[in-house]
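Hi,

Here is the structure I said I would pass on. Have a look at it first, and my notes follow below.

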Amino acid sequence: MENSAFSTLEKAFLILLSFIPIINGLTFVYMGSKESNRNWIIEGLVYELPWFLLFLCVYNDDLGTTLAGFALLFLFICILRTVYVCFTYKKDIGSNSVPMRKKSSSLWVVFSLIIFLNGI
């Protein structure tokens with residue numbers, strides 16, 4: 001069940017969601033709720049915090065610029081962490097998360113980067 005087509009598509013979908021700026025932290029909230037990992041839920045909320053504060057302080061130029069910088073930094077960190085977590089851990093039916101022993105293909109990461117670099 002580790003290398004099924006659904007698990008591969010789910011990994012690719014989660015990696016693609018982490019590239020969307022405003023909802024990138026929700027990927028960690030989803031993974032944390034699916035794996036019952038409270039730390040991942042908190043981490044996802046921390047990734048969402050600068051975006052939330054940016055919308056609250058949109059009319060303050062200095063604070064908005066600082067928050068936008070933090071939001072973009074957290075976006076980049078979230079992308080790296082999502083790729084790492086998606087290819088390191090798996091969901092086994094009836095057991096807790098265990099590290100994967102098989103090296104995963106990086107083809108999905110390349111496709112994600114093509115979409116991200118398309119806007120640059």
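I started with the aromatic rings: the structure, a predicted model, holds four aromatic pairs. A pair here means rings of Phe, Tyr or Trp (its six-membered ring) with centres within 6.5 Å; planes under 30 degrees apart count as stacked, over 60 as edge-to-face, and the rest as tilted. One of the pairs is Phe 28 with Trp 40, and it counts as edge-to-face because the planes stand at 80°, with the ring centres 6.5 Å apart. This pair links distant parts of the chain, since Phe 28 is in helix H2 and Trp 40, 12 residues away, is in helix H3 (residues 38–56). Phe 28 is buried at 0% relative accessibility, and Trp 40 is buried too, at 9%. For those words I used under 20% relative accessible area for buried, over 50% for exposed, and partly exposed in between (1.4 Å probe, protein chains only). Ring pairs also join Phe 28 and Trp 40 with Tyr 47, Phe 70 and Phe 74 into a cluster.

Some housekeeping before the rest. Residues are numbered from 1 along each chain as its sequence is written, and side-chain values use heavy atoms, with hydrogens and water left out. As this is a predicted model, local features need pLDDT of at least 70 and side-chain atom pairs count only at pLDDT 80 or more, while totals for chains, interfaces and linings use all residues.

Now the overall layout. The protein has five helices and two strands, and from the N terminus on they run α-α-α-α-β-β-α. Helices (H or I, at least four residues) and strands (E, at least two) are DSSP runs, numbered from the N terminus. Of the 120 residues, 32% are buried.

Phe 28 and Trp 40 turn up again in the largest nonpolar core. That core has 13 residues, and Phe 28 and Trp 40 are listed with Ile 15, Met 31, Val 85 and Cys 86 as the ones touching the most other members. By nonpolar core I mean a set of buried Ala, Val, Leu, Ile, Met, Phe, Trp, Tyr and Cys residues joined through side-chain atoms within 4.5 Å. H1, H2, H3 and H4 each supply at least two residues of this core, and H4 gives the largest share, six residues.

How many salt bridges are there? The count comes to one, taking a salt bridge as a side-chain nitrogen of Lys or Arg within 4 Å of a carboxyl oxygen of Asp or Glu. The partners are Arg 81 and Glu 43, with their closest N and O atoms 2.9 Å apart. Arg 81 is in helix H4 (residues 61–88) and Glu 43 in helix H3, so the bridge ties together parts that are 38 residues apart in sequence. Arg 81 is partly exposed at 26% relative accessibility, whereas Glu 43 is buried at 17%.

Two contacts between C-alpha atoms are worth a look as well. Lys 11, in helix H1, is 8.4 Å from Val 83 although 72 residues separate them in sequence; Lys 11 is buried, at 13% relative accessibility. Leu 54 sits in helix H3 and is buried at 17%, and its C-alpha is 8.2 Å from that of Ala 71, 17 residues apart along the chain.

The next loop has something to check: Ser 36, between H2 and H3, has a positive phi of about 55° although it is not a glycine. Ser 36 is exposed, at 68% relative accessibility.

Last, the annotation. The unreviewed UniProt entry gives "transmembrane region" for residues 12–32 and 67–87; positions are in the numbering used here, feature names are shortened, and annotations may be inferred rather than shown by experiment. In the model, residues 12–32 are 62% helix and 0% strand, with the end C-alpha atoms 17 Å apart. Residues 67–87 are 100% helix and 0% strand, and there the end C-alpha atoms lie 30 Å apart.

Cheers
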